[in-house]
Amino acid sequence: MFDDSWITVEDKRSLLKVIKESYETSMPWADHALMKSLVKERYDRVVREMDKEQYLADKREATVDGMLDAIVPDQLELKTGVKKMLAEKQVEETA
C-alpha cells in the first residue's frame, strides 16, 4: 500500500468515479470483482504518478475567484455579487 492521505476525500471519490466510468464504458462485460481490481490498479498508478507538491500547491491556491472563474460565464452576475459582498465584509472588518 502507498500513502494517498494528502489527496482530499472529494478528489479521491471523483478520481475513482472517473476511472470506474471509463472501465464501465470500455468493458461493460466485466463483473464486479474484475471492475474493482481494475479500478484500484488504475487509481494506484495515477496517484503514484501525480506530482504531490503541485497538487498541494493547487489546493492552497484555490480561491473563490478561481473557482468562480471555472463556472459557466453566464453566471458572471453571481461572481460580481459575491465580490461585492466580500468587499463589503472586508470594509466592515477593518472599520
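Guide: Glu 41 and Arg 45 are separated by about one helical turn, because they lie four residues apart in helix H2 (residues 32-49); helices here are DSSP runs of H or I with at least four residues, strands are runs of E with at least two, and both are numbered from the N terminus. The two side chains form a salt bridge whose closest N and O atoms are 2.8 Å apart, the term meaning a side-chain nitrogen of Lys or Arg within 4 Å of a carboxyl oxygen of Asp or Glu. Glu 41 counts as partly exposed because its relative accessibility is 37%, and Arg 45 is likewise partly exposed, at 35%; buried means under 20% relative accessible area, exposed over 50%, and partly exposed in between, with a 1.4 Å probe and protein chains only.

The model is predicted, so local features need pLDDT of at least 70 and side-chain atom pairs count only at pLDDT 80 or more, whereas totals for chains, interfaces and linings use all residues. Residues are numbered from 1 along each chain as its sequence is written, and side-chain values use heavy atoms, with hydrogens and water left out. The chain averages 82, and 68% of the residues score at least 70.

A search of the whole structure finds five salt bridges. One of them joins Lys 59 to Asp 11, with the closest N and O atoms 2.8 Å apart; this pair links distant parts of the chain, since Lys 59 is in helix H3 and Asp 11 in helix H1 (residues 9-26), 48 residues apart. Lys 59 is partly exposed, at 38% relative accessibility. Asp 4 also forms a salt bridge, with Lys 12, where the closest N and O atoms are 3.6 Å apart, and Asp 4 counts as buried because its relative accessibility is 14%.

Helix H3 (residues 52-61) also holds Asp 58, which is partly exposed at 42% relative accessibility. Asp 58 gathers with Asp 51, Glu 53 and Glu 61 in a surface patch of negative charge, patches being made of residues with over 30% relative accessible area and no salt bridge, with like charges joined within 9 Å and nonpolar side chains (Val, Leu, Ile, Met, Phe, Trp, Tyr) within 5 Å.

As for the chain overall, it has five helices and zero strands, and buried residues make up 20% of its 95 residues.

Terms used. Accessible areas come from the Shrake-Rupley method with a 1.4 Å probe; for residues, only the protein chains shown count as cover. Lys and Arg count as positive and Asp and Glu as negative; His and the chain ends are not counted. The place of a charge is taken as NZ of Lys, CZ of Arg, CG of Asp or CD of Glu. pLDDT is the predictor's confidence in each residue, from 0 to 100.
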